[in-house]
Amino acid sequence: MLYSTVTNWGVMRDGKPMIIPNWVEPFLEYYEKAKKLEYVMSEICQKIESVKG
């Protein structure tokens, strides 16, 4: 996907805003959840390693 496609979402063109695709909001929500899960898993693994060591 071109960078300009994303940066134009919501921008007015010919008196109408460029539509933001329906998939964007759920994608961002799942991305945020995945990042949080990644952080929690990393913290848990570090704690396990410190207990083992």
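**Figure 1. Glu-38 and Lys-35 within helix 2.** Both Glu-38 and Lys-35 belong to helix 2, where they sit three residues apart, about one turn of the helix. The model shown here and in the other views is predicted. A salt bridge joins the side chains of Glu-38 and Lys-35, with an N to O distance of 3.5 Å. Lys-35 has a relative accessibility of 40% and counts as partly exposed, because that value falls between the 20% limit for buried and the 50% limit for exposed.

**Figure 2. The salt bridge of Lys-36 and Glu-32.** The side chains of Lys-36 and Glu-32 meet at 3.3 Å, N to O. Lys-36 and Glu-32 are separated by about one helical turn, being four residues apart in helix 2. Glu-32 is partly exposed, at 46% relative accessibility.

**Figure 3. The salt bridge of Lys-52 and Glu-49.** Here the N to O distance between the side chains is 4.0 Å. Lys-52 and Glu-49 both lie in helix 2 and are three residues apart, about one turn of the helix. Lys-52 has a relative accessible area of 64% and is exposed, whereas Glu-49, at 49%, counts as partly exposed. The two residues are classed in this way because the limit for exposed is over 50% relative accessible area.

**Figure 4. The aromatic pair of Trp-23 and Phe-27.** The ring centres of Trp-23 and Phe-27 are 6.0 Å apart, and the angle between the ring planes is 80°. The pair is edge-to-face, because its planes are over 60 degrees apart. Trp-23 is partly exposed, with a relative accessible area of 45%. Phe-27 is also partly exposed, at 48% relative accessibility.

**Figure 5. The aromatic pair of Phe-27 and Tyr-31.** The rings of Phe-27 and Tyr-31 have centres 6.4 Å apart and planes at 20°, so this pair is stacked. Phe-27 and Tyr-31 both lie in helix 2 (residues 24–52), at a spacing of four residues, about one turn of the helix. Tyr-31 has a relative accessible area of 47% and is partly exposed.

**Figure 6. The aromatic cluster.** Trp-9, Trp-23, Phe-27 and Tyr-31 form one aromatic cluster. A search of the whole structure finds three aromatic pairs. Among them are the edge-to-face pair of Trp-23 and Phe-27 and the stacked pair of Phe-27 and Tyr-31. Phe-27 thus takes part in both of these pairs.

**Figure 7. The whole chain, for orientation.** The protein has two helices and two strands, and from the N terminus on its elements run α-β-β-α. Along the principal axes, the C-alpha trace spans about 65 × 20 × 15 Å. Of the 53 residues, 4% count as buried. The accessible surface comes to about 5200 Å², and carbon and sulfur atoms account for 64% of this area. The protein carries 7 positive and 7 negative charges, whose mean positions are 1 Å apart.

How values were computed:
Residues numbered from 1 in each chain as written. Predicted model: local features only at pLDDT ≥ 70, side-chain atom pairs only at ≥ 80, totals over all residues. Heavy atoms only, no water. Phe/Tyr/Trp six-rings, centres within 6.5 Å; stacked < 30°, edge-to-face > 60°. Buried < 20%, exposed > 50% of the residue type's maximum accessible area, 1.4 Å probe, protein only. Areas by Shrake-Rupley, 256 points an atom, 1.4 Å probe, with all protein chains shown as cover. Lys, Arg positive; Asp, Glu negative; His and termini not counted. Charge placed at Lys NZ, Arg CZ, Asp CG, Glu CD.
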